[in-house]
Amino acid sequence: MPLKMQLHQKIKDKRFAMIGISDESRDAVVEHQKNAQYFYPISLLDSQGLMTKFFPGGAVPVTIIVDGWGWLMAM
């Protein structure tokens, strides 16, 4: 996570976004952000686990890199 946040700070103005997806409740995410040194600037809540269908083996967390045109570059 520290390396991801360094990357975010380095290239955040170059059509780059770091997005977190959580299957926890909004309250749990907010509490984590209050206490954590690192967290994603944009967080999406997926309490029903719908996004896990899109990840290999339903694994979360996962890191996905998408370029400025929306192409999947790495997972």
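This passage describes the fold, surface and selected residue contacts of a predicted model.

Because the model is predicted, local features are reported for pLDDT of at least 70 and side-chain atom pairs for pLDDT 80 or more, whereas totals for chains, interfaces and linings use all residues. Residues are numbered from 1 along each chain as its sequence is written, and side-chain values rest on heavy atoms, with hydrogens and water left out.

The chain holds two helices and four strands, taken as DSSP runs numbered from the N terminus (helices H or I, at least four residues; strands E, at least two). From the N terminus on, their order is α-β-α-β-β-β. Of the 75 residues, 13% count as buried; here buried means under 20% relative accessible area, exposed over 50%, and partly exposed in between (1.4 Å probe, protein chains only). The accessible surface comes to about 6,100 Å², and carbon and sulfur atoms account for 58% of that surface. These areas come from the Shrake-Rupley method with a 1.4 Å probe, and for residues only the protein chains shown count as cover. Among contacts (heavy atoms within 4.5 Å) between residues at least 6 apart in sequence, 34% join residues at least 24 apart.

With a relative accessible area of 11%, Val29 is buried. Neighbours within four places in sequence aside, Val29 is in contact with Ser22, Ser43 and Leu45. Phe39 is 10 residues from Val29 in sequence, and their C-alpha atoms are 9.4 Å apart.

Ser22 leads on to strand β1 (residues 19–22). Ser22 counts as buried, at 15% relative accessibility. Beyond four places in sequence, Ser22 is in contact with Val29, Leu44, Leu45, Asp46 and Ser47. A polar atom of the Ser22 side chain also lies 3.0 Å from the backbone nitrogen of Glu24. This is a polar contact, a pair of N or O atoms within 3.5 Å; within protein, one must be able to donate a hydrogen and the other to accept it, and residues adjacent in sequence count only if both atoms are side-chain atoms.

Asp46 sits in the loop between β2 and β3 (65–66) and is buried, at 10% relative accessibility. Its side chain reaches the backbone nitrogen of Leu50 at 3.0 Å. Setting aside neighbours within four places in sequence, the contacts of Asp46 are Ile21, Ser22, Asp23, Met51 and Thr52.

Ile21, in strand β1, is partly exposed, with a relative accessible area of 32%. Together with Ile19, Ile42, Leu44, Met51 and Phe54, Ile21 forms a nonpolar surface patch of about 530 Å² accessible area. Patches are made of residues with over 30% relative accessible area and no salt bridge; like charges are joined within 9 Å, and nonpolar side chains (Val, Leu, Ile, Met, Phe, Trp, Tyr) within 5 Å. Strands β1 and β2 (42–45) each supply at least two residues of the patch.

The structure holds one salt bridge, defined as a side-chain nitrogen of Lys or Arg within 4 Å of a carboxyl oxygen of Asp or Glu. The partners are Lys34 and Glu31, with the closest N and O atoms 3.9 Å apart. Both lie in helix α2, three residues apart, which is about one turn of the helix. Lys34 is exposed, at 62% relative accessible area, while Glu31 is partly exposed, at 40%.
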